[in-house]
Amino acid sequence: MNGHTNGDRAGHPARGGVGEGSAETRSVLANGHHTNGHATAVAEPPHYALLKEKITILKQERQAIILAHNYQEGAIQDVADFVGDSLGLARKAKASDAKVILFCGVHFMAETAAMLCPDKTVLIPDLQAGCSLADMIIPEQIRTWRRHHPDGVVVCYVNTSAAVKAECDYCVTSTNGVTILEHIPAEKEILFVPDYYLGSYLKAKTKRKIHLWKGYCPAHAAILPEQVDQLRELHPDAEFLMHPECGCTTKQMDLADQILSTEGMVQYVNRSPATEFIIATETGLLNRLRTQYPEKTFFPASEHATCHHMQRNTLEKAFMSLVRMQHVVTVDQKIAERAVKPIERMLDIV
Ligand code: SF4
């Protein structure tokens with residue numbers, strides 16, 4: 001558990017979907033417990049404490065663990081057994097001996113867990129929690145590229161559907177892209193999908209011949225270079241940490257103090273003597289940073305860098321997932337057999 005109680009989203013009611021007023025959630029909660037029904041000094045909605053208790057009990061009953069992505073709201077991170085980035089979550093899923101994994105993230109992440117753990121039941125709180133970036137490429141587009149580049153190697157960012165991964169040779173995360181690309185023979189042409197900005201970053205770092213797919217993450221694209229310039233002027237002592245998915249990468253890459261994955265940012269802040277940071281990634285990460293490092297100050301590069309897919313998951317939906325054992329995420333076995341290969345190739349290297 002992370003003990004998060006006062007992240008930057010605390011105090012907001014559940015974000016989207018089944019909210020505080022959900023009759024379904026209230027009726028399941030109405031088992032002799034009650035809350036005082038009005039706001040207190042505690043920043044979260046009053047029923048959250050009860051929900052967290054119930055979730056803890058349900059986890060034991062179901063022999064479940066909760067894995068939460070860094071972009072999830074603080075209340076979900078509080079009840080999680082592990083909070084991290086895609087790679088960390090995939091590793092935890094694979095290593096866990098739980099029977100059930102409640103995956104509080106987006107669909108492609110739950111698919112990855114389902115493929116790595118075929119003996120476990122993988123649940124996601126909201127089936128509509130997808131990924132706009134992952135949706136920017138389909139399997140047929142990769143097959144077309146391969147017809148024109150029969151000796152080429154296709155590398156996919158982990159933010160892809162299982163069906164797309166099934167067409168790829170290697171999978172990477174924002175943490176390990178450079179390391180994985182260095183394992184590919186130098187003479188090979190590479191297609192990198194689907195994130196243009198991460199691909200540009202990897203191309204610059206590795207000097208490889210990389211064809212870039214023109215996909216992007218709308219949340220990261222919302223971070224504009226002008227906003228970053230202004231913030232840096234306002235906070236000249238702050239270190240500027242940037243995720244390589246950011247649309248501002250091209251202009252800002254040379255100016256960033258560090259280009260890091262979300263997990264890389266959390267670790268970097270720990271070892272940096274700086275006390276102020278400008279964080280260029282989805283704003284959900286600030287929950288974790290502020291809770292983990294209360295003595296340091298974090299400024300989001302853009303308040304608008306929010307992922308509406310991640311925000312579909314709420315504490316109520318996580319609770320209902322465990323109550324009803326919904327929504328089970330599975331991957332067609334034939335696709336899974338192929339899609340797991342680029343993932344395992346990645347896990348073998350890093
Ligand atoms: Fe996809 Fe962007 Fe949301 Fe991440 S933040 S899940 S890349 S849409």
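**Before you start**

Residues are counted from 1 along each chain, in the order its sequence is written. Because the model is predicted, local features need pLDDT of at least 70 and side-chain atom pairs count only at pLDDT 80 or more, while totals for chains, interfaces and linings use all residues. Helices (H or I, at least four residues) and strands (E, at least two) are DSSP runs, numbered from the N terminus.

**Stop 1: strand 3**

Select residues 100–104, which form strand 3. Is this strand enclosed or open? Five of its five residues are buried, so strand 3 is largely enclosed by the rest of the structure. Buried means that 20 or more other C-beta atoms lie within 10 Å of the residue's own; 12 or fewer makes a residue exposed, anything in between partly exposed, and C-beta atoms are placed from the backbone.

Now show the side chains. In a regular strand they alternate between the two faces of the sheet. Val100, Leu102 and Cys104 sit on one side of strand 3. Ile101 and Phe103 sit on the other. Both faces are covered.

Two strands pair if DSSP finds at least two bridges between them. Strand 1 (residues 64–69) runs parallel to strand 3, joined to it over five bridges. Look for Leu67 and its bridge partner in strand 3, Phe103. Strand 4 (residues 121–123) is also parallel to strand 3, with three bridges between them. Here Ile101 stands opposite Val122.

**Stop 2: two helix pairs**

Two packed helices are described by the angle between their axes and the distance between the axes. The axes are lines fitted to C-alpha atoms, for helices over the stretch in contact, and angles run from 0 to 180 degrees between N-to-C directions.

Select helix 4 (residues 86–95) and helix 5 (residues 107–116). They pack at about 30°, with axes 9 Å apart. Helix 4 and helix 5 are therefore roughly parallel. That label covers angles under 35 degrees; over 145 is roughly antiparallel, 65 to 115 roughly perpendicular, and the rest oblique. Their crossing is right-handed. In a right-handed crossing the near helix is turned clockwise from the far one by less than a right angle; anticlockwise makes it left-handed.

Stay on helix 4 and pick Gly88. Gly88 is partly exposed, with 19 other C-beta atoms within 10 Å.

Next, select helix 2 (residues 47–62) and helix 15 (residues 315–324). The angle is about 30° and the axes are 10 Å apart. That makes helix 2 roughly parallel to helix 15. This crossing is left-handed.

**Stop 3**

Go to Gln63, in the loop between helix 2 and strand 1. Its phi is positive, about 55°, although Gln63 is not a glycine. Gln63 is exposed, with 12 other C-beta atoms within 10 Å.

Move to helix 9 (residues 196–206). Which of its residues are buried? They are Tyr196, Tyr197, Leu198, Gly199, Tyr201 and Leu202. Lys207 has a positive phi of about 60° although it is not a glycine. With 8 C-beta neighbours inside 10 Å, Lys207 counts as exposed.

Two cis peptide bonds come next. The bond from Val193 to Pro194 is cis, with omega near -15°. Pro194 is in the loop between strand 7 (190–193) and helix 9. The bond from Gln326 to His327 is cis too, with omega near -10°. His327 is in the loop between helix 15 and helix 16 (333–349).

**Stop 4**

Select the four strands ordered 10-9-11-12, an open sheet with parallel pairing. Strand 10 (258–259) and strand 12 (297–300) are the edges, each pairing on one side only. Strand 9 (residues 239–242) is joined to strand 10 by two bridges. Met242 has Ile259 of strand 10 as its bridge partner.

**Stop 5: the ligand**

Finish at the ligand. Select Val106, Cys131, Ser132, Leu133, Asn159, Cys217, Ala219, Glu282, Cys307, His309 and Met310, the residues around it. A residue counts as near if its C-beta atom, placed from the backbone, lies within 6 Å.

Colour this shell by type. It divides into seven nonpolar, three polar and one charged. Ala, Val, Leu, Ile, Met, Phe, Trp, Tyr, Cys and Pro count as nonpolar, Asp, Glu, Lys and Arg as charged, and the others, Gly among them, as polar.
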